[in-house]
Amino acid sequence: MSLGTALSSVRWAERRAEAETRAREALTAAKRRLAARWMPVVAAAAILTALVLLGALGGLAAFAAVLALLLAAAVWPLDSTAIIDAISGNTMTSVGTRQGESERNSWCAVIDAIPTAALALDATGTLLHHNRLAAEMFPRIRSGLPMSQVSRSPDLLVAVDRALASEEERIDVELIERVPVERRVAATVSWLARSGKPYAPHVLVTFRDLTEQDRLGQMRADFIANASHELRTPLASLRAFVETLQGPARDDANARKRFLQLMASQAERMTRLIDDLLSLSRVEMRVHLPPRGIVELNETAAYVCQSLEPVAEAAKAKVTLVREGAPARIRGDREEIVQVLQNLIQNAIKYGREGGNIEVRVGRDAPRGASGAKVWVSVTDEGPGIAPEHLPRLTERFYRVNVTSSREKGGTGLGLAIVKHILNRHRGELRIASRLGAGSTFTASFEELGTAA
């Protein structure tokens, strides 16, 4: 089969599917119109039947009249005010139109003000109006579309049909979408008061995206599980040491000295963990508040390097600072930027090569397109490097490349998570580059503050 033949087959299949959809929608609308007019249709059919029985009307003519009546009932709009006014030349039409437009604008403003995605449907399930959040949730939405073209969810379409047919006040539906990304949405279909006006909505559908709520709930559960696990280990160790000192090692001076040292290290580990948890909580509480101060990265990096010199000397490491030639100023909170650099440099000291060099460099990137100039601070160590599969997860809470080594060196697994949250508040970016056997580079990048600020 040629490419042209294949494309023609695809187009034909698409046209056929569209035609079938339109036919189903037209059939559904016709059923709704007939359901709304079944009493006058039955009455007219009874009158025609009586005329046939009395001999006043022929059977073929009566049958044709019934067919014409059914066709008119299925096709004629439920609200025919505009058509009748146009036929009769009613001079009040313009006044009614203005009133209709005013009423439509009023309820459209209400739909627009709803803080969640919302859309209004008429008596046939056709979209009358939607707000901005609904447009973000359904990119192809537009007024005049039937609900079946807005959403393909069978549960939602069934709920809309139920509301239109039974006038049920509220129907809740949960939607699970897999494409393009997985998300969970709670939809509520609400029946509104019946109105014969064409501009009045009959059904209101609202949507609430629960995906972020589920993700936050899972993050909290994981956080509590990890925190309790991290605290349980040193607590169990302390309990075992205390029981040993109270029992077999009660009179053993050497064992008592060794166990007390171990207990002190476990207590210090719990202190570091609690301090990091509190620090992370404080950062998360302020993540939505933009910083107001001004930070000069050369001066801040020099301060942190100087304050960590004793730690580097104890680890037989050397910290070297390479400054940017011009001032590198950012809008930021100095204490939080100091914490970022302390965490990155301490990690380089802990996990870098013993006796190796740690380079702290301040630099600047030229503007690119619409974005302004960026200034950054990088920390490079001469450690063993990090495998590529670990890099995307390094900023997760309690994630460690080597759990045993991290605990032995006093790591809590929260340092880079704190760095990420601080950079998020400063609208910054953390870049990580590493190769096995060639060390790692952690770069914190920020938008540069203009000289006029």
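## Overall composition

The chain of this predicted model contains 15 helices and twelve strands. Of its 453 residues, 36% are buried, and the accessible surface of the chain comes to about 26900 Å², with 58% of that area belonging to carbon and sulfur atoms. When contacts in the chain between residues at least 6 apart in sequence are considered, 62% of them join residues at least 24 apart.

## The five-stranded sheet

Five strands are arranged in an open sheet, in the order β7-β9-β10-β12-β11, and their pairing is mixed. The edges are taken by β7, which spans residues 318-322, and β11, which spans residues 429-434; each of these has a single partner strand, so one side of each is left without a neighbour in the sheet. From one strand to the next, the twist averages 15°. Strands of a sheet pair through backbone hydrogen bonds, in either a parallel or an antiparallel sense.

Strand β10, residues 374-380, can be followed through its pairings with β9 and with β12. With β9 it runs antiparallel, the two being joined by seven bridges, and in this pairing Asp 365 stands opposite Lys 374 of β10. With β12, residues 440-447, the sense is likewise antiparallel, again over seven bridges; here Val 375 has Phe 446 of β12 as its bridge partner, while Thr 380 stands opposite Thr 441 of β12.

## Cover over the sheet and the setting of β10

Helix α13, formed by residues 334-351, lies across β9 (357-365), β10 and β12, and its direction makes an angle of about 30° with β10. As for β10, five of its seven residues are buried, so this strand is largely enclosed by the rest of the structure.

Strand β5, residues 203-209, includes Thr 206. The relative accessibility of Thr 206 is 18%, and because buried means under 20%, this residue counts as buried. Leaving aside residues up to four places away in sequence, Thr 206 touches Thr 116, Ala 117 and Ala 118, and it also touches Ala 186, Ala 187 and Thr 188.

## A nonpolar patch on the surface

Leu 34, Phe 63, Leu 67 and Leu 70 form a nonpolar patch on the surface, and together they present about 350 Å² of accessible area. Helix α3, residues 59-75, supplies the largest share of this patch, namely three residues, whereas Leu 34 lies in helix α1, which covers residues 3-36. With a relative accessibility of 30%, Leu 34 counts as partly exposed.

## Salt bridges

Side chains of opposite charge can pair when their charged atoms come close. In this model the count comes to 15 salt bridges, taking a side-chain nitrogen of Lys or Arg within 4 Å of a carboxyl oxygen of Asp or Glu as the criterion. One of them joins the side chains of Glu 168 and Arg 162, with an N to O distance of 2.7 Å. Glu 168, at 30% relative accessibility, counts as partly exposed, and Arg 162, with a relative accessible area of 39%, is partly exposed as well.

Another salt bridge brings together the side chains of Lys 316 and Glu 354, at 3.9 Å from N to O. This pair links distant parts of the chain, 38 residues apart, since Lys 316 sits in the loop between α12 (309-314) and β7, and Glu 354 in the loop between α13 and β9. Both Lys 316 and Glu 354 are exposed. The loop between α13 and β9 also holds Arg 353, which forms a salt bridge with Glu 382, the closest N and O atoms lying 2.5 Å apart. Glu 382 belongs to the loop between β10 and α14 (403-408), and this pair too links distant parts of the chain, 29 residues apart. Glu 382 is partly exposed, with a relative accessible area of 35%, and Arg 353, at 46% relative accessibility, also counts as partly exposed.

Methods:
Residues numbered from 1 in each chain as written. Predicted model: local features only at pLDDT ≥ 70, side-chain atom pairs only at ≥ 80, totals over all residues. Heavy atoms only, no water. Pairing = 2+ DSSP bridges. Helix = DSSP H or I, 4+ residues; strand = E, 2+ residues; numbered from the N terminus. Axes fitted to C-alpha atoms, helices over the stretch in contact; angles between N-to-C directions. Contact = heavy atoms within 4.5 Å. Buried < 20%, exposed > 50% of the residue type's maximum accessible area, 1.4 Å probe, protein only. Areas by Shrake-Rupley, 256 points an atom, 1.4 Å probe, with all protein chains shown as cover. Patch = residues over 30% accessible without salt bridge, like charges linked within 9 Å, V, L, I, M, F, W, Y side chains within 5 Å.
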